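Open the structure in your viewer and keep the sequence panel beside it.

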Amino acid sequence: MKKVKTRIINGINKPISIAPLVHFRVLFGLIMFISVARFVFYGWIATQYIEPEFHFSYYGFSWVSNPGETGIYLLFITMALSALGIAMGYYYKVSALLFFLSFTYVELIDVTNYLNHYYFVSLVAFLMLWMPAHLAFSVDSKRKGFTISRIPYGYVLAIQLLLSLVYFYAGLAKLNPAWMMEALPLKIWLPMFSHLPLVGAWMSELWVAYAFSWFGAIYDLSIPFFLFYSRTRPYAYMAVLIFHLSTWLLFPIGMFPFIMILATTIFFSPESHLKVASSLRNIFRKKSATAYSSSNEPYKTPYQKLIWNLFAWFLVIQLLLPLRAYAYPGNLFWTEQGYRFSWRVMLMEKAGYAIFHIRDKVTGREWENYASDYLSPMQEKQMATQPDLILQFAHFLQQKLADEGFEEVEIRAEVYVSLNGGMNQLLIDSSADLTQIEDGFAPKTWILPYKKSL
Amino acid sequence: MRCKSLGISLFMVTGLIGLLPSCVEDSAEENQQETSRIPVLENLASNIIVPGYENLHTQISLLDHSVKDFTTEPNQANLTALRTDFISAYSQWQKVSFLEFGPAFSQTLRAEFNTFPTDNFSIDNAIESGEFSLTGFSTQNRRGLPAMDYLIYGLADTDEAIIEKYSTDDNAGNRKEYLLALSQLILSKSDLVYNQWLPSGGNYQEEFIQKDGTDVGSSFGEMVNALSQYLERFTRDARMGIPLGKRSQGVIIPRNVEAYYSEQSVPLLKAHISGMKDFYLGKQGDNDGKGFYELLQEIRAGEDEGLADRILAQFDLILSRLDQVPSPLSTIIQTNPAPAEAAHQELQKQVILIKTEFSSALGVLITYQDNDGD
């Protein structure tokens, strides 16, 4: 046992070239800058952060408020500049901190904008705070005339493990009867591409939906191992390219494929990174063969043990967090209790419609309210399928009605949801007065059980 | 060694994929997903939408003709003829009103044709002052068919008194001018939209058929979004829910029914639902081609939940509930709202079907925003 521990510690502290980490820093900074620019370019700041009257907050983060038009633009400017700062290694630690804070803050404003890959970016940005990624090939190192060529392997390993967790849990989540045995929801989604040239004809074939489902699950579960193992790595990376590029072609998933394609380069050996670096330098006709001189001492910090502990706890939390879903009763896809932060991606087709019934206790009058009067189409779509968001919206309505002079109201929600194209059914107890219910971590007893249709 | 391990993994992956078709062959046969959206688009364009606009254009031309006859010679015969043409035109409008995409969307046809309740006080004031500009967003509730509804049914209690408003009344001249202007406006709008669809005009028909995807800008994306939004806001709410007080803290607003003055609310709503049903079926008269109904059947074959038929049955249920609603709707809401409430309930059920299962089955997107990745 002790022997294993020493071996692990030795492995973590073993000096390797800084090149993989530096390249990761540059690629991460650049792709983040592009992502932010793209977000701004599409005008999503307005549609997601300025126009909506109401924002859904994360449980425990209701103190995160929308900073208003000027504030949100400042946050995005900070995000863009600090992403560039990360890429160039310019005041790196400050840039990394600013990027982590601004990005995470913006994500926390509205749950309906939640995407697993945004969460992934926040996590990576957090890890980057503690990385000595600016000690070579950076403005900082040039400025200080100080370059480090070797770092302990643990830094690179932390990112590799996080990536592995993401893939593995994404794969594990696919091992459910609907995905594996019924090819759902791909069976619903793929025929939408039957108008495409060449591949179009295949997209309506049922076996293609099954092949995609199974390949996706096997890919996610196995790719971390194949990337770690040096002999399979080149082929595994080919698979990474094929997989992510095909999902990018088929689904509107934004920058995620590119983030993963670039991030997984961290699995390549330091030697490969150095080789690529020197050939790139040849192209740009730099005189020295490499930016990574190998003469000086490996990176040392008095806080090394503390950082390893931090990384270890970080990874343990990441390992445990997705498992919380199993503590809740019922069908996870239906209740979505413990669904977020667990790398459950593209697993279901879900559409809902919510009717809010208001009853004024003073006059006994009854009427209806619809989310479309207050929410953006995107917010409405997300809200109508997720019980915790329905509850938040009901409380927002209660506040709204109180402002209009209706102090004593009952609010009930009649919410119909279709899961994976099945017959719609009531999601929550339509007789429950939502003004009397508070959100929490306890199982939501007012969610109705999912009845499998035929 | 390297080749061996790689070979095994490759073999496993291809083997599994290779095995799959044979495992699922049985269900594959009943699951023939021969999705063909283009024939649906072709049928909807050439047999439903374009003839629908053509018919509207014809009816509005006839209406404009009767308006001219009536204003030249305001008498009972001309008023009766005008009203007949008005109801025909209004009924035909119901059948194309929900096509809020393409030219109709860019020309804001719905707002031009059918913004109700109409602002009768402002119309009176405009006629009295003789200064009426009928352009711009702010005057939408002073023009279109609801304004005409007021001007040919609502000016007085008797026909004689209404005819007097156009003959002996002090403002008869202005009133005629106002009516003529209204008629001219909707005529030119219907002409514009119709021509933009025609191959000899803007040929939107071709663009409509070419955009055969399901993404946001595609014809299916636009149709499904338009249909579900229209059904929710303008069919269920504007025509039923709002008068019933569903959107006003339970206080009924009988005056907000469609066609308040002519009391045609229920027949018009029936024409509207029939029009939507025919559009769903891809049917025009006896000519029943491919529509959403057939597409759903193709996509959902084998799922055995009968979504295509359930939506169709829901249209029929709405129509039969509407048969139970006596006219005029504005009075029924006050005296005996139960049948109207029942019709509203069924409209609500259709909204749910369209917004959940229908949208899911067709897989259309509502925004350009990123989805969760893989």
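The stops below go through chain A and then chain B.

This is a predicted model, in which local features need pLDDT of at least 70, side-chain atom pairs count only at pLDDT 80 or more, and totals for chains, interfaces and linings use all residues. Residues are numbered from 1 along each chain as its sequence is written, while chains are lettered from A and ligands numbered from 1 in the order in which they are written.

**Chain A**

The average is 93, and 98% of the residues score at least 70. Helices (H or I, at least four residues) and strands (E, at least two) are DSSP runs, numbered from the N terminus.

Next select helix H1 (residues 2-13) and helix H8 (residues 153-174) of chain A; their axes come within 6 Å and cross at roughly 100°. Axes here are lines fitted to C-alpha atoms, for helices over the stretch in contact, and angles run from 0 to 180 degrees between N-to-C directions. H1(A) is therefore roughly perpendicular to H8(A), a label for angles of 65 to 115 degrees. Gly11(A), Ile12(A) and Asn13(A) in H1(A) meet Tyr153(A), Gly154(A) and Leu157(A) in H8(A); contact means C-beta atoms, placed from the backbone, within 7 Å.

Move to Pro185(A), in the loop between helix H9 (177-181) and helix H10 (186-189) of chain A. The peptide bond that reaches it from Leu184(A) is cis, with omega near 0°.

Then find Met346(A), between helix H17 (332-335) and strand S3 (350-360) of chain A, in a loop. Its phi is near 55°, a positive value in a residue other than glycine. Is Met346(A) buried or exposed? Met346(A) is buried, with 21 other C-beta atoms within 10 Å. A residue is buried if 20 or more other C-beta atoms, placed from the backbone, lie within 10 Å of its own, exposed if 12 or fewer, and partly exposed in between.

**Chain B**

Chain B has 17 helices and 2 strands, and 46% of its 374 residues count as buried.

Select Ser167(B), in helix H9 (residues 159-167) of chain B. Ser167(B) is exposed, with 12 other C-beta atoms within 10 Å. Leaving aside neighbours within four places in sequence, Ser167(B) is in contact with Pro74(B) and Ala172(B).

Finish at Pro117(B), in the loop between helix H6 (109-114) and helix H7 (120-129) of chain B. Phe116(B) and Pro117(B) are joined by a cis peptide bond, with omega about 5°.

Conventions
Contact = placed C-beta atoms within 7 Å. Parallel < 35°, antiparallel > 145°, perpendicular 65-115°, else oblique. pLDDT = per-residue confidence, 0-100.
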